[in-house]
Amino acid sequence: MKPVYEIAVVHGDGIGPEVCAAAVQVVKAALGPGSPLHFSEYPAGAEHFLKTGQSFPEPTFQACREADAILHGAGGLPGVIHPDGTEAGLDFTLRLRFELDLYANIRPVRLFEGVPSPLSGVKAGDIDYIILRENSEGLYAARGSGALLRGEVAVDTLVQTRSGIERIARKAFELARQSGGAPRDGVRRVTCCDKANVLRSYAFFRSVFDEVAKDYPDIATEHALVDAMAMYLVVKPGHFNVIVSENMFGDILSDLAAATVGGMGMAPSAEIGAANGFFQAAHGSAPDIAGKGIANPYGTILSAASMLDWLGHKHGDERLNQAAARIRRVTEDCLANGLLSTDLKGRASTSEITRSVCDRLTAGRD
Ligand code: IPM
Ligand code: MN
């Protein structure tokens with residue numbers, strides 16, 4: 001337990017500042033006047049790059065590395081790019097992942113009461129699984145080191161290491177152990193999602209996963225090819241409990257999965273390493289709706305709840321875990337009571353949702 005937890009906050013671009021401010025307010029309301037969290041804001045992102053030529057200033061990096069946790073809104077703006085064509089506003093997220101070794105990207109996918117799903121015949125609770133995205137290697141690890149030959153041939157390299165696969169596989173089994181199993185049958189199950197039938201690196205991913213699985217005889221295991229998985233997430237989402245996959249596959253499947261539970265606004269994430277934790281929703285900066293006050297803050301609020309959980313467990317601080325549980329209960333209650341933003345086919349603004357969540361927390365209505 002620490003007297004003060006330093007939280008490095010980066011608002012970022014587009015709707016980033018709106019959803020980030022909402023999450024900070026909610027955390028403050030959940031912890032009340034004696035809150036042990038101290039928030040400090042630092043710049044990074046595409047806007048900052050346009051103003052200063054720097055997308056991720058060194059002092060921001062130092063502050064993030066030293067902080068107890070990092071909270072981010074969203075980053076990136078289309079057209080704000082490096083000479084190689086990649087987006088400058090993504091440097092913050094990607095450098096943190098690689099340089100702080102945030103290898104586990106935990107993305108809960110859950111259909112809440114009151115939230116419309118485009119899938120027919122599913123109700124709240126029918127979809128409840130975790131996509132565990134390997135976050136430190138895979139294809140995206142080539143960021144910044146790809147090659148373009150004579151303007152004719154471009155190459156990026158997919159990297160998988162034994163130690164990297166082992167640790168993410170272990171994390172998957174541990175998450176399954178802590179869970180209540182898949183909604184459809186209650187079975188604790190880890191699905192290894194790969195493309196082992198085509199590429200050697202994915203066949204290796206699968207074989208190392210199978211070795212690790214032997215240490216977890218109490219958890220059911222299976223394999224799914226990523227193309228089939230895209231279909232399964234639509235036709236039998238209730239079958240899944242924990243899905244573990246390589247970085248890029250996890251990225252793509254996350255958006256598909258989010259769509260089944262209300263969209264990107266309902267997709268929280270927690271990016272965890274041995275020492276650091278980084279929390280942001282899985283969505284982008286949505287510049288088309290920025291500044292209109294209609295962004296869905298639930299994904300970032302739920303990511304902030306994961307931040308409190310992670311900090312609470314790490315430091316043995318029950319206050320933080322209780323606050324996380326309260327935020328989840330209140331969020332669920334608000335959604336069930338129709339407090340929906342426009343992406344969820346409702347009319348509530350970002351500030352109406354935030355105020356309502358905060359009021360319930362302050363009044364102890366959870
Ligand atoms: C995500 C995002 C990121 C990714 C971007 C912001 C770098 O899409 O977290 O899923 O591509 O990994
Ligand atoms: Mn993504």
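Reader: What should I know about the model and its numbering?
Author: In this predicted model, local features need pLDDT of at least 70 and side-chain atom pairs count only at pLDDT 80 or more, while totals for chains, interfaces and linings use all residues; side-chain values use heavy atoms, with hydrogens and water left out. Residues are numbered from 1 along each chain as its sequence is written, and chains are lettered from A and ligands numbered from 1 in the order in which they are written.

Reader: Which residues surround ligand 1, and how many of them are charged?
Author: A residue is near a molecule if one of its heavy atoms lies within 4 Å of it. The shell consists of Leu90, Leu94, Arg97, Arg107, Arg133, Tyr140, Asp251 and Ala282. For the classes, Ala, Val, Leu, Ile, Met, Phe, Trp, Tyr, Cys and Pro count as nonpolar, Asp, Glu, Lys and Arg as charged, and the others, Gly among them, as polar. The shell then has 4 nonpolar residues, no polar ones, and the number of charged residues is 4.

Reader: How much of the area of ligand 1 does the protein bury?
Author: Oxygen atoms of ligand 1 lie 2.7 Å from an N or O atom in the side chain of arginine 97, and 2.7 Å from one in the side chain of arginine 107. Arginine 133 also has a polar side-chain atom 2.7 Å from an oxygen atom of ligand 1. Taken alone, ligand 1 exposes 320 Å² (Shrake-Rupley method, 1.4 Å probe), and the part of that buried by the protein is 81%.

Reader: Between which domains does ligand 1 lie?
Author: The domain bounds come from an automatic or database domain assignment. Both domains give residues to the shell around ligand 1, so it lies between domain 1 (1-105 + 267-366) and domain 2 (117-261).

Reader: Is the pair of phenylalanine 92 and phenylalanine 278 stacked or edge-to-face?
Author: Rings of Phe, Tyr and Trp (its six-membered ring) pair if their centres lie within 6.5 Å; planes under 30 degrees apart count as stacked, over 60 as edge-to-face and the rest as tilted. The whole structure has 9 aromatic pairs. In this one the centres are 5.6 Å apart and the planes stand at 90 degrees, so the pair of phenylalanine 92 and phenylalanine 278 is edge-to-face.

Reader: How many residues apart in sequence are the parts that this pair ties together?
Author: Helices (H or I, at least four residues) and strands (E, at least two) are DSSP runs, numbered from the N terminus. Phenylalanine 92 lies in helix α4 (residues 91-99) and phenylalanine 278 in strand β12 (residues 277-281), so the separation in residues is 186.

Reader: Is phenylalanine 92 buried or exposed?
Author: Buried means under 20% relative accessible area, exposed over 50%, and partly exposed in between (1.4 Å probe, protein chains only). Phenylalanine 92 has 1% relative accessibility, so it counts as buried.

Reader: Is the pair of phenylalanine 173 and tyrosine 216 stacked or edge-to-face?
Author: The ring centres of phenylalanine 173 and tyrosine 216 are 4.7 Å apart. Their planes are at 10 degrees, so the pair is stacked.

Reader: Where does arginine 150, a residue with positive phi, lie?
Author: Most residues other than glycine have a negative phi. Arginine 150 has a phi near 50 degrees, and at 73% relative accessibility it counts as exposed. Its place is the loop between β6 (147-149) and β7 (153-155).

Note on methods. A polar contact is a pair of N or O atoms within 3.5 Å; within protein, one must be able to donate a hydrogen and the other to accept it, and residues adjacent in sequence count only if both atoms are side-chain atoms.
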